[in-house]
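Trainee: I should like to learn how to read the features of a model such as this one. May we take them one at a time?

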Amino acid sequence: MKILGEVPAKLQVFTRFLVQSWTRQYQDARIILEQNGDLRYLNIPANLQRLFVRGVMVTSGVMILTIFFLAGTSINLFTSRARLAHSHEEVYRALLNSSLDGREVQDVQLSEDQMVSLAQTIRDRDMSIRRFVDTSMVAVTQENDTMKSQLDSTGLTEKIVKIIQQNSAHGGLTPDNTLSDNPLLRGKVADELSTNRALREVLYALPTNMPIVNYSVSSDFGIRKHPVTGIPHFHTGVDLLTATNDDKVHPVKPGIIVMAEFHSTYGNTVVVRHTNGVESLYAHLSGISVKVGDKVTMDDVIGKIGNTGVSTGKHLHLEILVGGYPVNPQKVIRTAQYVQQIQQNAQ
Ligand SMILES: [Zn+2]
């Protein structure tokens, strides 16, 4: 407060001095000069005196303002240059650190040459990333085409495919934003990658093993005449015979036993629940060797081939269900095996 009080007081005195100097009344003045014994008179009129004083005041005012302006500009210039140099240094250090795999660079003396070579390095790296993404995309697009045609060959309807996707372990219905949110993977690249992920999700959910090691098919999936009643109906599974004396029945994919009991039509029946809403059913078994809740792998035996329930002879009736809908077991398993084969070859 003391300083704030003092400044206006001094400013007042200065202003008063300026006003007085500007409005001062001048008298004509006479200066007497002596030169070699002669006296000479120099008249200085009041007008000239006023003009001189006012001229000096205006000139010094303009000069002071100019000095302030120049000083302000150069300080501003200096600070922004320093700020720019600092940010360049930060960028340089960050980029240098990223290419040094964790080894920290503390002190960076940045020259313009370094800046240029750094820019070139970044551009080269950017180009090689783009080339890599382009070539990878060709491979992903090809793989997507293969998987699409494989998926078509399973005969799975769009509805069935949706059920598998919706029963996905990572959410299903919620769209996967991790790919489209990645700024490096815009547009077509993100689309191809998410298509790839969705196709894999479906294909990997399918069973890969036939339940009998050596088998032959006695009745296909689809419409047929019922072996007992003779009435045409939809055969919801495939009937398999063992080609050897091996009667062991294995799950078509790892899973959990959700049913293991006698059924009036299916006889001794086992149902295994897999991932993504996929289940497999094994009917007419002679005996059941698992109970509900058991976790099974493809090496386990869930029962033996039999002739229980409504059956005309010893065989295994195999069903594969997606969301409760039966699908063609042979087509699905053949496709899953093929996809697995491609995957193994690729690794
Ligand atoms: Zn059958």
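Mentor: Let us begin with burial. A residue is buried if 20 or more other C-beta atoms lie within 10 Å of its own, exposed if 12 or fewer, and partly exposed in between, with C-beta atoms placed from the backbone. Buried residues make up 19% of the 347 residues in this chain. The model is predicted: local features need pLDDT of at least 70 and side-chain atom pairs count only at pLDDT 80 or more, whereas totals for chains, interfaces and linings use all residues. Residues are numbered from 1 along each chain as its sequence is written.

Trainee: Is Leu240 buried or exposed?

Mentor: Leu240 is buried, as 23 other C-beta atoms lie within 10 Å. Leu240 belongs to strand S6 (residues 238-242); helices (H or I, at least four residues) and strands (E, at least two) are DSSP runs, numbered from the N terminus. Leaving aside residues up to four places away in sequence, Leu240 touches Ile212, Tyr215, Val217, His315, Leu316 and Leu318. Such a contact requires C-beta atoms, placed from the backbone, within 7 Å. Ser218 is 22 residues from Leu240 in sequence, yet 5.8 Å from it in space, C-alpha to C-alpha.

Trainee: Is Gln337 buried or partly exposed?

Mentor: Gln337, in helix H7 (residues 329-346), is partly exposed, with 15 other C-beta atoms within 10 Å. Between Gln337 and Tyr204 there are 9.7 Å in space, C-alpha to C-alpha, and a separation of 133 residues in sequence.

Trainee: How many helices and strands does the chain have?

Mentor: The chain has 7 helices and 15 strands. For helix H3 (residues 112-153), one may compare length with expectation, the expected span being 1.5 Å times one less than the number of residues. The 42 residues of H3 should span 62 Å, and the end C-alpha atoms are 61 Å apart, which agrees. The number of buried residues in H3 is 1, so this helix lies largely in the open. Gly155, which follows H3, has a positive phi near 75 degrees.

Trainee: How does one describe the packing of two helices?

Mentor: The description gives the angle between the two axes and the distance between them. Axes are lines fitted to C-alpha atoms, for helices over the stretch in contact, and angles run from 0 to 180 degrees between N-to-C directions. The axes of H3 and helix H6 (residues 187-205) come within 9 Å and cross at roughly 35 degrees. Their crossing is left-handed, meaning that the near helix is turned anticlockwise from the far one by less than a right angle. Among the residues that meet are Val133 and Met137 in H3, and Val189 and Leu193 in H6.

Trainee: Which strands form the open sheet of 3 strands?

Mentor: Pairing comes first: two strands pair if DSSP finds at least two bridges between them. The open sheet has the order S7-S13-S11, with antiparallel pairing. S7 (248-249) and S11 (287-288) are at the edges with a single partner strand each, so one side of each is left without a neighbour in the sheet. S11 pairs with S13 (residues 303-304) over 2 bridges, and Gly287 stands opposite Lys304 in S13.

Trainee: What joins S1 to S2?

Mentor: Strands S1 (residues 29-35) and S2 (residues 38-44) run antiparallel and are joined by 7 bridges. Gln35 stands opposite Asp38 in S2. In this hairpin, with 2 residues between the strands, Asn36 takes a positive phi near 50 degrees. S1 is hardly covered, its count of buried residues being 0 among 7.

Notes. Contact = placed C-beta atoms within 7 Å.
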